[in-house]
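These are my notebook entries on a single protein model. I record what I looked up, entry by entry.

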Amino acid sequence: MLKENVAKVLSDQINAEFYSAYLYLAMSAWADQTGFKGFANWLRIQAKEEMAHGTHIYEFLLDRDYLPEFDAVKKPEGSWKNLVEVYEHVLKHERYVTERIDNIATVSMKESDHASYNFIMWYVNEQVEEEATANEILTKLKLIGDNVSQIYTLDTEFASRTFTDPFANASTT
Ligand code: OFO
């Protein structure tokens, strides 16, 4: 049986993951309208991954016999000055998500909830990747600066990113 405090932080995280999806979708729309179709694709796939995360946590709560709560999803920002600002925002956001995930791990550990702890460890590792990827793209964008042809080389590279369901063939536990 899930303890109420563990259930609450997990349930809140569903909302946070869907907010992440919303934020990245807003960034994708901005990139699309600004002429960066490849970045728009990258960000849209990022949004899909966030929806997969939220759904995965939702399924875990149901498996643990807990009814998830659905709060309103906060409105994301809608415009950025340039791509550097977008990826600064992505990195800042992922660092914030890491803090939330770490907190879920801490609460699960304190309650000796081994199933929840084991479940959230996938996200602990995922956040290392999320931050590293955002940081890598941001560093490249800063190095490229105003070099339009190099920005479009990166844009072309990102146009080929495809979505892979991170939980295909996996159970929630
Ligand atoms: Fe769900 O990993 Fe990004 O936020």
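Entry 1. Aromatic cluster.
I began with the aromatic side chains of this predicted model. Phe36, Phe39, Trp42, Tyr87, Tyr152 and Phe158 form one aromatic cluster. I then asked how many aromatic pairs the structure holds. The count came to 13.

Entry 2. Trp30 and Trp80.
From the aromatic pairs I took up Trp30 and Trp80, whose arrangement is edge-to-face. Their ring centres are 6.4 Å apart, and the angle between the planes is 80°. Where in the chain do Trp30 and Trp80 lie? I found Trp30 in helix α1 and Trp80 in the loop between α2 and α3. The two are 50 residues apart, and the pair thus links distant parts of the chain. I also looked up their accessibility, and both Trp30 and Trp80 are buried.

Entry 3. Trp122 and Tyr123.
Next I examined the rings of Trp122 and Tyr123, with centres 4.8 Å apart. Their planes stand at 75°, so I noted this pair as edge-to-face; the class requires an angle over 60 degrees. Are the two residues buried or exposed? Trp122 is partly exposed, because its relative accessibility is 30%. Tyr123 is buried, with a relative accessible area of 0%.

Entry 4. Fold.
I turned to secondary structure and asked how many helices and strands the protein has. I recorded 5 helices and 0 strands. Along the sequence, the pattern reads α-α-α-α-α. The radius of gyration is 17 Å, close to the 16 Å given by the globule rule for 173 residues, so the protein is as compact as a globular protein of that length. Along the principal axes, I noted that the C-alpha atoms fill a box of roughly 55 × 30 × 25 Å.

I looked up the share of buried residues, which is 46% of the 173. For contacts between residues at least 6 apart in sequence, I found that 83% join residues at least 24 apart.

Entry 5. Ser11.
I selected Ser11, which has its place in helix α1, residues 4-34. Why does Ser11 count as buried? Its relative accessibility is 3%, and the class covers values under 20%. I then asked which residues Ser11 is in contact with, leaving aside neighbours within four places in sequence. They are Leu61, Tyr66, Pro68 and Glu69.

Entry 6. Positive phi.
Last, I looked up backbone angles. Most residues other than glycine have a negative phi. Asp65 has a positive phi, near 65°, and is a residue other than glycine. I located Asp65 in the loop between α2 (37-63) and α3 (83-110). Asp65 is exposed, because its relative accessible area is 66%, and the exposed class begins over 50%. Ser112 likewise has a positive phi, near 50°. I placed Ser112 in the loop between α3 and α4, the latter spanning residues 114-144.

How values were computed
Residues numbered from 1 in each chain as written. Predicted model: local features only at pLDDT ≥ 70, side-chain atom pairs only at ≥ 80, totals over all residues. Heavy atoms only, no water. Helix = DSSP H or I, 4+ residues; strand = E, 2+ residues; numbered from the N terminus. Rg over C-alpha atoms; globule rule 2.2 N^0.38 Å. Buried < 20%, exposed > 50% of the residue type's maximum accessible area, 1.4 Å probe, protein only. Contact = heavy atoms within 4.5 Å. Phe/Tyr/Trp six-rings, centres within 6.5 Å; stacked < 30°, edge-to-face > 60°.
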